[in-house]
Amino acid sequence: MLPDLTTATVDDRVAYLNQRYKHHAAQAVLERALSDEAVGRIALVSSFGAESVVLLHMISLYDRATPVLFIDTQMLFEETMAYQADVAQQLGLTDVRTIRARPEAVAAHDPEGLLHKTDTDACCNLRKTEPLERALSNFDAWITGRKRFQGQTRAALDFFENEGDFRIKVNPLAHWTPEDVQDYMINNRLPRHPLIAKGYPSIGCAPCTSPVKPGEDPRAGRWRNQEKEECGIHFINGKVVRGPLPVEVEIEEEKPMNVIVTDQGFVNDDWAHGFIAAADLETSAADAPAVAIDLASDADPTILAGRLDGVDLIRVDFPSFSDGRGFTLARRLRLMGFNGRLRARGHVIADQYTMVRRSGFDEVEIAPELAKRQPWEQWQARAAWQSHDYQNRLRGAV
Ligand code: SF4
């Protein structure tokens with residue numbers, strides 16, 4: 001229930017927002033955060049770095065006039081400055097505010113621009129933390145691109161956080177994986193920061209960022225050979241917060257089983273036998289008891305012609321959620337007369353459940369991490385496929 005906003009604390013509002021939007025996807029969380037009165041005045045803080053374009057693009061879809069705070073430390077790469085102007089123009093963002101340190105503060109503390117060589121904490125505080133804190137003083141909430149996979153201190157990250165009892169931090173991408181970020185950029189054909197192609201997967205100020213070798217951690221090039229890992233932009237009560245936060249994290253030792261999505265809910269996989277790859281089926285004896293088959297999304301279903309009797313289950317792989325070939329394959333298998341169980345496995349999300357069922361699939365196999373991010377209620381909401389029962393039509397039952 002919406003708390004009384006005249007008396008509600010930040011904690012009250014955060015608890016309400018996390019409860020209200022816990023089953024929402026990243027885009028929905030962001031869209032609602034822009035208008036929910038429990039959030040208040042909100043801005044996106046963006047470095048226009050390697051992955052920033054994802055949130056900038058989402059903002060451009062929902063409200064191009066959302067304030068975007070861009071911190072120009074005056075130590076950034078030329079490429080970042082050009083990319084910032086280019087992305088803002090391409091996406092039609094109308095309120096990008098460039099935030100800089102006060103000239104008198106720079107003149108007093110770093111007149112030569114060499115502070116980063118002797119005291120990176122003081123330099124970050126002067127050029128990033130203090131200017132951002134000043135800019136955010138006009139807002140009740142800010143949007144960040146932080147994600148759970150980015151380390152132990154972020155492993156329990158929620159969509160909404162209480163920042164020092166005075167502001168809300170919104171993390172719409174909290175549950176996204178590196179693959180989700182890449183898929184989003186590919187699917188939306190978003191412009192890449194030019195330094196990514198030059199070996200910079202994480203991009204900060206020019207003096208403090210170096211290229212990363214294959215196999216190194218993506219952030220290894222930030223403050224290389226120093227203990228420093230964070231710029232201090234995530235602060236509490238105006239103070240820089242670095243190093244591990246007191247967050248209890250449970251480490252899972254065993255890899256949990258995949259989850260099967262059905263119209264009745266999430267169930268455990270009941271298929272206790274193996275699967276035969278379609279390629280192996282071609283070379284196996286024609287009368288081999290193939291009862292479960294794995295098919296790639298680009299497989300030619302005619303290789304199964306005359307061999308579908310006795311097959312209990314066919315599992316079709318979806319290598320990415322932008323790959324629609326699996327839907328066509330399912331339809332063709334049904335048209336060929338396959339009446340056994342048909343399962344879609346891999347990169348399928350709740351938004352696609354209607355299409356999955358209409359194409360002839362009975363169920364979906366997803367990783368446990370996705371099941372946590374997209375609980376059953378989200379899939380159920382898309383289960384209105386019954387009103388267009390193509391399955392029975394394909395099977396000749398209607
Ligand atoms: S990243 Fe380096 S140059 Fe940039 S503000 Fe921090 S210490 Fe200064």
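Reply: What follows takes the confidence, the sheets and the helix packing in turn.

The model is predicted: local features need pLDDT of at least 70, side-chain atom pairs count only at pLDDT 80 or more, and totals for chains, interfaces and linings use all residues. Residues are numbered from 1 along each chain as its sequence is written, and side-chain values use heavy atoms, with hydrogens and water left out.

Me: How do you know what confidence the chain has?
Reply: By pLDDT, the predictor's confidence in each residue, from 0 to 100. The chain averages 82, and 82% of the residues score at least 70. Over residues 235-254, pLDDT stays under 50. For that stretch the model has 32 contacts beyond four places in sequence. Contact means heavy atoms within 4.5 Å.

Me: What makes β3 and β5 edge strands?
Reply: Two strands pair if DSSP finds at least two bridges between them. Strands (E, at least two residues) and helices (H or I, at least four) are DSSP runs, numbered from the N terminus. Six strands form an open sheet in the order β3-β2-β1-β4-β6-β5, with mixed pairing. β3 (96-99) and β5 (160-163) each pair on one side only.

Me: How do you know that β4 and β6 pair?
Reply: Three bridges join β4 (residues 141-143) to β6 (residues 167-170), and the criterion is at least two. The two strands run parallel. Ala-141 stands opposite Ile-168 in β6.

Me: Which helix touches β1, β2, β3, β4 and β6?
Reply: Helix α7 (residues 120-136) packs on the sheet and touches those strands. Its direction makes about 160° with that of β2. Axes are lines fitted to C-alpha atoms, for helices over the stretch in contact, and angles run from 0 to 180 degrees between N-to-C directions.

Me: What makes β10 and β11 the edges of the other sheet?
Reply: Seven strands form an open sheet in the order β10-β9-β15-β14-β13-β12-β11, and the pairing is mixed. β10 (265-268) and β11 (276-277) each have a single partner strand, so one side of each is left without a neighbour in the sheet.

Me: How do you know that β12 and β13 pair?
Reply: Four bridges link β12 (residues 292-295) and β13 (residues 313-318) in the parallel sense. Ala-292 stands opposite Leu-313 in β13. Helix α10 (residues 325-335) packs on this sheet, touching β12, β13 and β14 (341-346).

Me: Why is α3 called oblique to α8?
Reply: α3 (residues 53-62) and α8 (residues 178-187) pack at about 55°, with axes 10 Å apart. Under 35 degrees counts as roughly parallel, over 145 as roughly antiparallel, 65 to 115 as roughly perpendicular and the rest as oblique. The angle therefore makes α3 oblique to α8.

Me: Which hand does the crossing of α3 and α8 have?
Reply: Left-handed. That label applies if the near helix is turned anticlockwise from the far one by less than a right angle; clockwise is right-handed.

Me: Which residues of α3 and α8 meet?
Reply: Val-53, Val-54, His-57, Met-58 and Leu-61 in α3 meet Val-181, Tyr-184 and Met-185 in α8. By class, this contact has seven nonpolar, one polar and no charged residues. Ala, Val, Leu, Ile, Met, Phe, Trp, Tyr, Cys and Pro count as nonpolar, Asp, Glu, Lys and Arg as charged, and the others, Gly among them, as polar.

Me: What is the hand of the crossing of α2 and α3?
Reply: Right-handed. α2 (residues 26-33) and α3 pack at about 55°, their axes 10 Å apart.
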